[in-house]
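Here's a quick tour for anyone meeting this structure for the first time. Have a look at the model, then read on for its charged contacts and one of its helices.

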Amino acid sequence: ARGRGVRGERRPPVLRAAMADPGEKKYIKKKIRPGAIVLDPRETAIVVQYELEGQLLAPDGVTVITELSDGTKRIKVKTLDRRTDIQALADEIVTTCKLIHHSKTGKVRALLAELRDRVEASSGAKTRNEGLEIVHDDDERRERRNAAGRAGTRTSSSARTLSSTRKGTTTPRTSRSRADDPAAKELDDIVQREDARLLSEARLDFLGAMHDVAAATRLVSGIGSSGLVSKLGALGLNSTGGGLSSHATNDPSKKTNTLANLDVYLERLYDDDPKTRLECVEKIALLASRSENLSALASHETLPQTLARVLREDGRRSTDVATHCLCVFFALSNASAFHGLILGNQVGDATLRVVDLELRRAADRRKTHLRTNAPRVHSTDANSPITNTNDDDIADIADIDEFEARRVVLAEKKRDALLYVAFYALLNVAEDVAVERKMKKRDICHYLMECVGTRGDVDLLVLCVTFLRKLSVRRENVEDMLRGATETTRKTTTEKKASDDGDPDGDALETPPSEEKKSPPFDVVSRTARFLADGDARVPDVLVHATLRLLLNLSFHERARDAMHERALLPRLCVLAKKKAFERVALATLYNLSVDKRRRRFFAVASPTAGTDLVLDALLETPDADLIAHACPIVAGLAVNLSCDARCAEALAARENGKPFASFLKRRLMRRDALGLKVARNVARFAGDKETCPSVWRAFKQALVGDQTVLNSMLDCFLSEHPPGTDVALEALGLLADAHRPMVDGALDLSEICESRGVFEKIAAYVTPNETEDDAALEAVLFCLAFGKGKENAGNARFFVRTGIVESLYETLREKKDDDAFVLAVVSAFGAFLSFPETRDVVLNHTQTVFYLVELLRDECAAIRDAADAALDVVVDEAGEKWAVHVRRARFEAHNREWLDACGGGGGGGSGGGSYDEHSAPVYDDRAEEEDMYG
């Protein structure tokens, strides 16, 4: 009996024995763990695998022995055709066999359907017996074990026979009868076709592995299990050292390693010699390295359970054994059809435990190395200690045993290989969302980020970054990656795992207090930032590309974007965006970073390549015949975001004295590119800020005054667009309104040319209610505000009166009184119109605007209240004393309406609360006598 426990727990000695009839032994306690449910490759049956754990007393009557054994139950289906009710039969199987949980009914139904198709494709012969037959395979296994014991093939009482059926062991009579049976021949053909289908699926999965990471650069390593052999051989795991060799299959001595010897390898796994067990696991891994063997390995009755047990028990003691066991499961994981087999044998749990142990061992080794190589401190003065290094210490460090150094290097390479295979197998089975959630609960993100921050193998780093990118699709995983924990904060969890799992080698030592210092931030951005370090040519392109794709997924989260700015990744991303291999993903990440308004200004000062220069170059490279939304959509979106920032707009317009920006504006106007005009319009909004953005107004002055074709093209885009209100017309209208800056420079006064080209008449049609879309009407109102605000625009008042724009704006205010954007724009425009006599007369005497303004003093929107209050101030200052008295009275009643209602007296005229009715309130006329405006 062995002294180790099951699943890493300290338990009584465990005896691994062949499965016997439960009636032969008197167990104190039994526990059965169901396993995978598969089809029998030869017979019309369903095979249910399970593991039995039983406790019984030793011959001394005191010691409790725990016995583990694997077994199968075969459920034979005697009648299965198109008339069979698959649903009822599946329910009967689940009810009859206690090893199948009711949640597996759907899987049983699918297996029965597949089995029915296989039977119908055969000869179609029917048997007269009906129903189910559940066969316990352990009786046959017990007979074979006894026969093997009599022949002297068993060398240990703890060993067991692992297979119940072997190729080539049938009697000649059975072979002749099967050869003469046509149905058997057709069944063999069906099995061969099914094997070919599984192999084809496995090859497709092999060819698709890691394709997204290595695209357009280079392959990380060989694809599939054969490539894994080369990967492990490159890491120094040769066959002589107990590892897997990439040239092992070319060795003539290895040609005898065939599937016929598989049962022999499984039996020798229970040998007491560790080298023998390692050799057998290595040979099984070599079989798994050939894709044509995967179907046979997966359909074997006891191979998956046995390798899972070896991984749980021996994998903690030998890195080579764990690596080769995981090689087999990795090869199977490349085909989705085998994922259920892997998960059913709890390989994922065992793999995560091995990964956790290896990472803790690596961390302890690093700490030991730091303690060993740390220079000693000698104090020459009690008051002022000086750090000196003793010459003897230097000599001791220089004389480190060369053999020990090589051993450490080899151990790290083996650890990298083990982590590579483990994470790759977990990545393959994580395609199921439910499995991914379970991994998240087991803190898979921590393990991956630990590898990213501490390991140095390129292929392992690419794999870990790719795994993190897959996990980053879900928000809860991103929160784990960005939680900012440090390695020291995880000490309690690590020690708890060590106490639960045990550490047979004693490698996970306790961290000394001197090393419990603050570690670098543990967030994923900090860990991966070193792969994008500027000027580091040692980082291969494939790792840079994988890191960029991970950062792209993370950039959708605000905390991740803040971390990228804190780690100064913006300049590096701008540099990488200029390289063809990384252009698309780097630009997409930059676009997400530009979403934060408070961070946009950093794009203008990034060095050595500014984000604004990168965007402007890409826009200028767009052919004149193409729209930027089609030619470079990511750059177009990035340009729109950056042009909304004052510093970025100044950088765009200041380059080469505004010549590139003027050229871009002219080309987009000629092409009538709506998105290009939007970029130019956003920049034009800062033309009025002469102190902060002096280059913007100079650029527009140069473009509009120096070249009349630009201004004419701008007017044509607005006037000649049909139907009115298109995107191009709206952007051109907005560009005219924002470029009109007479208060900054007289050369930017566009009033006369707009009047001569009939722009005001077009605006009057836009602001007429129900004539155009809301977006077009709102842009027209903003145009009126731009051309009517300020004393420099006093001459435009007659244009607004002549075209009837003032009355149309009042009607628009009545129609859109529930739209805050319209109300704010129209109230601001009326505030500007009240400054000029021509428009003020129309507003006061021909509309009810003043009373609307009074009502808006109680609006919920603060901006609307301020705009209405400012407009009423203009009425008080400019409209005369009569209007001033009434406005003051209306303000008083509006602010004290609740008090007036409580007192029961209205506003002097008996109006109760001084409420305003737009249909009954009279209009004040200078020619009429003074009257109560609320009466």
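## Salt bridges

You'll find 46 salt bridges here, each one a side-chain nitrogen of Lys or Arg within 4 Å of a carboxyl oxygen of Asp or Glu. This is a predicted model, where local features need pLDDT of at least 70, side-chain atom pairs count only at pLDDT 80 or more, and totals for chains, interfaces and linings use all residues. Residues are numbered from 1 along each chain as its sequence is written, and side-chain values use heavy atoms, with hydrogens and water left out.

## Pairs across the chain

E301 and R74 make a salt bridge, with their closest N and O atoms 3.2 Å apart. E301 sits in the loop between α10 (294–299) and α11, while R74 is in strand β4 (residues 64–77), so the pair ties together parts 227 residues apart in sequence. Helices (H or I, at least four residues) and strands (E, at least two) are DSSP runs, numbered from the N terminus.

R353 and D349 meet in a salt bridge (3.2 Å, N to O). Both lie in helix α14 (residues 347–373), 4 residues apart, about one turn of the helix.

E358, R361, E412, R415, D416 and R455 join up in a salt-bridge network.

## An enclosed helix

In helix α11 (residues 303–313), 11 of the 11 residues are buried, so the rest of the structure largely encloses it.

Conventions
Buried means under 20% relative accessible area, exposed over 50%, partly exposed in between (1.4 Å probe, protein chains only).
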